[in-house]
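Work through each task before reading its solution.

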Amino acid sequence: MRVAYLGPPGTFSEEAVSRCDLARDGEAIPYPTFVDAYDALLSRAVDAALLPIENSIEGAVSTVLDLLIQKPGPRIRREVLLPVRQHLLARPGTRLEDVRRVLSHPQPFGQCTRFLRERLPHAALESQTSTAEAARKVAAGEPGAAAIGSRAAAERYGLAMLAEAIQDSDENVTRFVLLAPSDEAPTGADRTSIAFTLDRDRPGGLHEVLGELARRGINLSKIESRPTKRTMGHYVFYVDFEGHRADPACADALAGVLGRVHTLYLLGSYPRAAAPV
């Protein structure tokens, strides 16, 4: 299996590939952005793409959620819960007081706000396409710069760790999903992800949709919304629930949901990840 991920090597995405049972023995191929990795799957340049979809501190990875709706087709086949430890990386010999710029992907900035506010209040934050790209630039000699990234990135690019585990919470977990042309057969311990839009804003519309799940005793594990990017006040709702789309109760509920929404996106049914790995 050829698996696209956010590169360059040394990202948390690469680590997640190594933790995914379907992907770890395949060929991991780095791409510079989430969009590039997703498009590689759409074009069949790769067999799958492993992308982050939410973080326990920062919430949804909006770019990936939007891709699932704007360019529908791929299905979620696996989920991976990866514990994330963020570190401040710099060239050997750099002192904390020397750091005037911090480079990283936008997500780690949100995960490390307390450390940045208390220890580097005057440092400029500069967004990069990935944590590994930030580490690569710092290693190449960016003046007065440090990167937020993984221990693997420090080792790969020969950087020292000025500060370890700087994330706001020790329970920092990122959920990754393996996207492929098709999802998975039922295992008995599954999760299904869907998204939908309503035809209009009306009282009780969302309640009616979720009621189709509740009436059948299906446990809802996540709901959130994103703007459709078309009209103010119009949203896409993302829902995760326990069970497989082929289970009789879930199939019946999805038929009921279909009758109450404007557009329904089936994002996939896949084995539930029991715990971070």
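**Exercise 1.** How do the residues of the lining of the largest cavity divide into nonpolar, polar and charged?

Solution. The model is predicted, so local features need pLDDT of at least 70 and side-chain atom pairs pLDDT 80 or more, while totals for chains, interfaces and linings use all residues. Residues are numbered from 1 along each chain as its sequence is written, and side-chain values use heavy atoms, without hydrogens and water.

Step 1: find the cavities. A cavity is a set of points, on a 1 Å grid over the protein atoms alone, where a 1.4 Å probe fits but cannot get out; lining residues have an atom within 4 Å of a point. Points are joined across faces, edges and corners, and a volume is the space filled by probe spheres set on them. The count is 2 cavities of 30 Å³ or more, and the largest has a volume of about 210 Å³.

Step 2: list the lining. It holds 18 residues, with Phe12, Pro52, His105, Gln107 and Phe176 nearest the centre of the cavity. Two or more residues come from each of α1 (12-19), β3 (48-55), α4 (106-111) and β11 (173-180); helices (H or I, at least four residues) and strands (E, at least two) are DSSP runs numbered from the N terminus. The largest share, 3 residues, belongs to α4.

Step 3: sort by class. Ala, Val, Leu, Ile, Met, Phe, Trp, Tyr, Cys and Pro count as nonpolar, Asp, Glu, Lys and Arg as charged, and the others, Gly among them, as polar. The lining has 8 nonpolar, 10 polar and no charged residues.

**Exercise 2.** Which element gives the most to the lining of the second largest cavity?

Solution. Step 1: the space in this cavity is about 70 Å³. Step 2: among the residues that line it are Ile53, Leu65, Arg175, Lys222, Tyr238 and Asp240. Step 3: α3 (62-70) and β14 (235-242) each supply at least two lining residues, and β14 gives the most, with 3. By class, the lining divides into 7 nonpolar, 1 polar and 3 charged residues.

**Exercise 3.** Why is the pair of Phe196 and Phe237 stacked?

Solution. Step 1: rings of Phe, Tyr and Trp (its six-membered ring) pair if their centres lie within 6.5 Å; planes under 30 degrees apart count as stacked, over 60 as edge-to-face and the rest as tilted. There is 1 aromatic pair by this rule. Step 2: the ring centres of Phe196 and Phe237 are 5.6 Å apart and the planes stand at 25°, so the pair is stacked. Step 3: Phe196 is in strand β12 (residues 190-197) and Phe237 in strand β14, so the pair ties together parts 41 residues apart in sequence. Step 4: buried means under 20% relative accessible area, exposed over 50%, partly exposed in between (1.4 Å probe, protein chains only). Phe196, at 0%, counts as buried, and Phe237, at 16%, also counts as buried.

**Exercise 4.** Which residues does Ala90 touch, not counting residues up to four places away in sequence?

Solution. Step 1: Ala90 has its place in strand β6 (residues 87-90) and is buried, with a relative accessible area of 0%. Step 2: contact means heavy atoms within 4.5 Å. By this rule Ala90 touches Val138, Ala145, Ala146, Leu159, Ala160 and Leu162.

Note on methods:
On a 1 Å grid over the protein atoms alone, a cavity is a set of points where a 1.4 Å probe fits but cannot get out, and a pocket is an open set with protein on both sides within 12 Å along at least five of seven lines; lining residues have an atom within 4 Å of a point.
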